[in-house]
Amino acid sequence: MKSPRGFITILTGLYSFQDCIHFLASVRKFHQEPIIILIDRVPIILYPLLTAFKNVILKPAPAHENTVLSSRHAKIALYEASEFEQTIYLDSDICLLSDINDVFDSLQEYDFLITEDVQPDITKATNLLRGNQQELLPHVLSILQSIGLPLQPESIQYNSGIIAFRKTEKIKLFFDEFKQYFEIIKNNQDKLLLKDQGAFASAIASTKPKIKTLPPTYNYMSKWQGSYQIDTQIKVLHCTYPYRPQYAKNITRSLYTRLFDRLAQVFLPNQVTNPWRKK
């Protein structure tokens with residue numbers, strides 16, 4: 001192991017490039033551990049903009065023209081890609097608002113730290129299915145079970161924007177199962193959207209790792225702010241850069257990011273209109 005602790009994120013395609021720059025800036029404001037970026041479909045000429053941040057390691061993500069599918073495959077490959085005994089994975093559209101050393105510390109006791117989705121009840125997870133959500137609502141669980149996912153009424157839908165794990169046989173098994181269940185989802189695209197939550201919940205259900213569920217302050221999505229009841233500090237903000245509150249942009253504000261943001265308006269595609277998100 002090169003380091004006992006470290007971070008990983010995923011950057012597949014240019015739509016998330018601006019997010020990733022600000023992600024790196026926010027992590028470096030509070031942490032000095034290494035950061036691995038699993039990267040695909042980004043021109044090599046832009047790599048120095050990422051490695052300008054100290055101790056950033058670039059590794060190839062599973063290649064695919066569909067950058068969303070590539071990012072799903074990269075998430076499944078996190079265990080293999082990690083060089084650390086303790087790893088915190090964060091989506092690249094996340095901004096840290098404080099240090100999260102306590103998450104690393106909790107990995108002394110737990111195999112896995114994750115957060116529940118805004119809609120944790122798997123029986124109501126219409127967001128995983130193709131078609132009219134209102135019509136599908138009574139049938140969510142039966143559809144997911146019919147394709148071979150080992151989900152039950154008490155199963156939880158987690159949001160995998162933050163995943164903290166340690167290198168153990170149990171977690172290796174989890175990622176192996178995660179891969180198998182995601183293949184089932186890929187093979188049933190007539191019924192399911194290309195999302196990983198169903199496979200993630202299935203791997204949790206089948207392997208039963210020792211989990212600590214973090215509160216939503218560790219994966220706060222401002223889009224759903226009306227769904228939360230929070231009376232403590234938000235530590236991890238999850239929202240794409242154009243919709244990021246000004247206080248979060250202030251966290252990452254520097255001469256470097258100010259210059260980058262001006263250039264981004266010219267040479268980067270509009271991440272809000274990423275067509276692969278609708279596939």
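**Entry 1: glycine 198.** I began with the contacts of glycine 198, leaving aside its neighbours within four places in sequence, and found Leu128, Leu149, Leu151 and Ile185. I kept in mind that this is a predicted model. Glycine 198 lies in helix H9. Is glycine 198 buried or exposed? Its relative accessibility is 3%, and the cut-off for buried is under 20%, so glycine 198 counts as buried. I also checked a distance: the C-alpha atoms of glycine 198 and arginine 28 are separated by 32 Å, and the two residues are 170 apart along the chain.

**Entry 2: the rest of H9.** Next I went through helix H9, residues 197–207, and found it mostly covered, with nine of its eleven residues buried. Among them are Gln197, Phe200, Ser202, Ile204 and Thr207. What do the buried residues of H9 pack against? I noted two strands with their ranges, S6 (112–121) and S7 (156–166). Helix H8 (169–186) and strand S8 (211–214) complete that list.

Entry 3: Lysine 208 follows H9 and sits in the loop between H9 and S8. I looked up its phi and got a positive value near 50 degrees, in a residue other than glycine. As a reminder to myself, most residues other than glycine have a negative phi. Lysine 208 has a relative accessible area of 63%, so I wrote it down as exposed.

**Entry 4: arginine 41.** I then turned to another positive phi, that of arginine 41, at about 60 degrees although this residue is not a glycine. Where is arginine 41 found? I located it in the loop between S2 and helix H2 (47–51).

Entry 5: I traced the strands and got an open sheet of seven, in the order S3-S2-S1-S4-S7-S6-S8, with mixed pairing. The edge strands are S3 (56–60) and S8, each of which pairs on one side only. On average, neighbouring strands of this sheet are turned by 30 degrees against each other, direction ignored. Phenylalanine 112 stands opposite phenylalanine 165 in S7.

**Entry 6: helices on the sheet.** Which strands does helix H1 (residues 17–30) touch where it packs on the sheet? I listed strand S1 (3–12), strand S2 (35–40), S3 and strand S4 (84–90). The direction of H1 makes about 175 degrees with that of S2. Helix H3 (residues 67–76) lies across S1, S2, S4 and S7, and I noted that H3 runs at about 165 degrees to S1.

Entry 7: Last, I looked for nonpolar surface and found a patch of about 310 Å², made by Leu263, Val266 and Phe267. Phenylalanine 267 has its place in helix H11, residues 255–267. Its relative accessibility is 33%, so phenylalanine 267 counts as partly exposed.

Terms used
Residues are numbered from 1 along each chain as its sequence is written. This is a predicted model: local features need pLDDT of at least 70, side-chain atom pairs count only at pLDDT 80 or more; totals for chains, interfaces and linings use all residues. Side-chain values use heavy atoms; hydrogens and water are left out. Patches are made of residues with over 30% relative accessible area and no salt bridge: like charges are joined within 9 Å, nonpolar side chains (Val, Leu, Ile, Met, Phe, Trp, Tyr) within 5 Å. Accessible areas come from the Shrake-Rupley method with a 1.4 Å probe; for residues, only the protein chains shown count as cover. A salt bridge is a side-chain nitrogen of Lys or Arg within 4 Å of a carboxyl oxygen of Asp or Glu. Helices (H or I, at least four residues) and strands (E, at least two) are DSSP runs, numbered from the N terminus. Buried means under 20% relative accessible area, exposed over 50%, partly exposed in between (1.4 Å probe, protein chains only). Contact means heavy atoms within 4.5 Å. Two strands pair if DSSP finds at least two bridges between them. Axes are lines fitted to C-alpha atoms, for helices over the stretch in contact, and angles run from 0 to 180 degrees between N-to-C directions.
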